[in-house]
Structure formats: C-alpha cells, structure tokens
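Please have a look at the structure first, and then we will go through some of the pairs.

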Amino acid sequence: MSDLLLLGLIGGLTLLLLLTLLAFAGYSGLLTGVAVSAGSPLIRNITVAYKFHVGPYGNIGQLFTESCSISPELRSIAVYYDHPHMVPPEKCRCAVGSILSEGKVSPSPELIQLYQKFGFKIFSFPAPSHVVTATFPYTTSLSIWLATRRVHPALDTYIKERKLCAHPRLEIYHQDQIHFVCPLARQGDFYVPEVKETERKCRGLVEASDAQVDGTGADTMSDMSSVNLEVGPGSRETSAITLSPGASSRGWDDGDNRSEHSYSDSGASGSSFEELDLEGEGPLGEPQLDPEAKPLGLFREPTTPEKDEE
C-alpha cells in the first residue's frame, strides 16, 4: 500500500512538473503566432552606441550584458548583417549596443562619453520609409531561443515569397517585446563603418587576385605568342585563337562582394516595396515604439541581454 502511495506521489509530482514547464514555455511565447507584415516602421531615426562583432552570433551575449550594465533603462539593439545558415559562423558580422535617442532628440554628451569610455562607438540610423516587421514576446530567457527558431524562418519565407530586398536585420528589445525590423529602403545607411571596411578589404583581395591571374595569363599568352610567331607566317591565325581566352580569365568575382555574406542576397529579384500591399498605418516615420503600440519583430543564437537587466 505504501509503495502504491509512493508511486502515485512521484507520478503526481512528475505531472505537475511537466505542466509547469509547459506553462513556462507558453508564457515565453511557445504558442504565440508569428505575424510578418510590411509597412511603416514603428521607430524613427535613432542614435545607437554599439560594438562590432565578427564571429558566431551565439557569442554576443556578453555585448548585450555590457551595454545594459552601462544604462539599463535604454533599449537594446542588434543589427545582423549575415545569414548564419549561409555564412560560416566565424565570418558572421553584427553590431550590438543600446539606443541612445530617437527622433529629433539628441543624446546627451555625458551619455555619449560614458559609452565611449567603455569602447562603444556612436552611429545613427535613419527612419526607413517602409520595413518588413514581426514581433515576439520577451518575457523570459526562453523567449529568445524560441524567437530565433520561429521568427527568422517566418521572415525568410515572407521575404523570399515576395522577392523583396530587405536587409539588414534589426532586433530591438523594448519592454516585453522583441521587435524584428528589415528595412526595405535606405539599407546602406544601416551598415556601420566596420562592415563597409571589411567589404572594401575583401574587394581589394578579389582585385589583387584578378590582377595576379591576369598577369599570369598575360605571361603565358606572351610565351605562346612568341612560340607561334617563330613557327612561320601560316601560324598567325592559330596564334590569335590561342590568345583570346586570356581576356576572359576574369569572371564571377568581379561583382559586389556583399552578396556572398549579407542578407541583401536573400531577396531573389529585390522587388520594390511599392509593389506591396503595405499594412502599416500612419505617416511615415511618425509612429514610435511605446508599450501599447502593435510591435514589430533576426538572427542570433539564444544569448542576449538579461531580462532583469532591462
């Protein structure tokens, strides 16, 4: 009798534990639907303090913690420039930090100096006219893990089906919501200087490689030409045919190197946002994030700012 009672007690506790875990997961957003839409942004132009990171997105949690510890009341932000499923983890680039000000309000010099003291850089993002957005609850640390696996696939599908050019991807943590924002206009203004510098260096390497290939091809062609010319007048046509492939040794790597690494390649044909049935409301750039606004909604592994630090 005592054994049956003990087994019943263990079964009851196990069931209670499972129900607790299920309730926790539901509270974290497990059962929340992900709605992706295109429209006017809920943020205006912003000034951010950030640190640039190259490497696995799963290693950026410390940057969130650092920025939040400086000024916990500010909103956290991350900008992701590379798709982690298309780019090697060690080459993924992002910027992580805090939003210092929004709209016409400028951040105080003291706040700027405080962040700069800890190695953060200051940069301003414009208010894009239209964006692709989604939102997800931010109630527990599990919310971040769930958002990574639910929101980003939904964004990928939405952008691919409509053949949009929406990049980079922004994550904004505001109160109990994670807002995901993919600009459909002025995308270049969201690339911090470090990203442009890495792409400039990459293009330089590509051009140097092309120049080396061209030089090697030229030397080879010169040798072949001299040999053919020594054979006799009847070999001129053969010589000309032999020389022609050298000019086509350049090829696929002459274009913009960004498509190899960034979200800008996610839209097949880069359709204009004007072709969309935009779902946003209000004048462009006017709405602002607030607790009662219908929020918006990238990619990273489940390491982010600590909830209690915000």
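This is a predicted model: local features need pLDDT of at least 70, side-chain atom pairs count only at pLDDT 80 or more; totals for chains, interfaces and linings use all residues.

Let me begin with Lys51 and Glu66, which form a salt bridge whose closest N and O atoms are 2.7 Å apart, where a salt bridge means a side-chain nitrogen of Lys or Arg within 4 Å of a carboxyl oxygen of Asp or Glu. Lys51 belongs to strand S2 (residues 46-54) and Glu66 to helix H2 (residues 61-70), so this pair ties together parts that are 15 residues apart in sequence; helices (H or I, at least four residues) and strands (E, at least two) are DSSP runs, numbered from the N terminus.

Residues are numbered from 1 along each chain as its sequence is written, and side-chain values use heavy atoms, with hydrogens and water left out.

Lys51 is buried, at a relative accessible area of 19%, and Glu66 is buried, also at 19%; buried means under 20% relative accessible area, exposed over 50%, and partly exposed in between, with a 1.4 Å probe and protein chains only.

Turning to the next pair, Arg169 forms a salt bridge with Asp156, with the closest N and O atoms 2.2 Å apart. Arg169 sits in strand S7 (residues 169-174) and Asp156 in helix H4 (residues 141-161), so parts 13 residues apart in sequence are tied together. Arg169 is buried at 1%, whereas Asp156 is partly exposed at 21%.

How many salt bridges are there by this rule? The count comes to seven.
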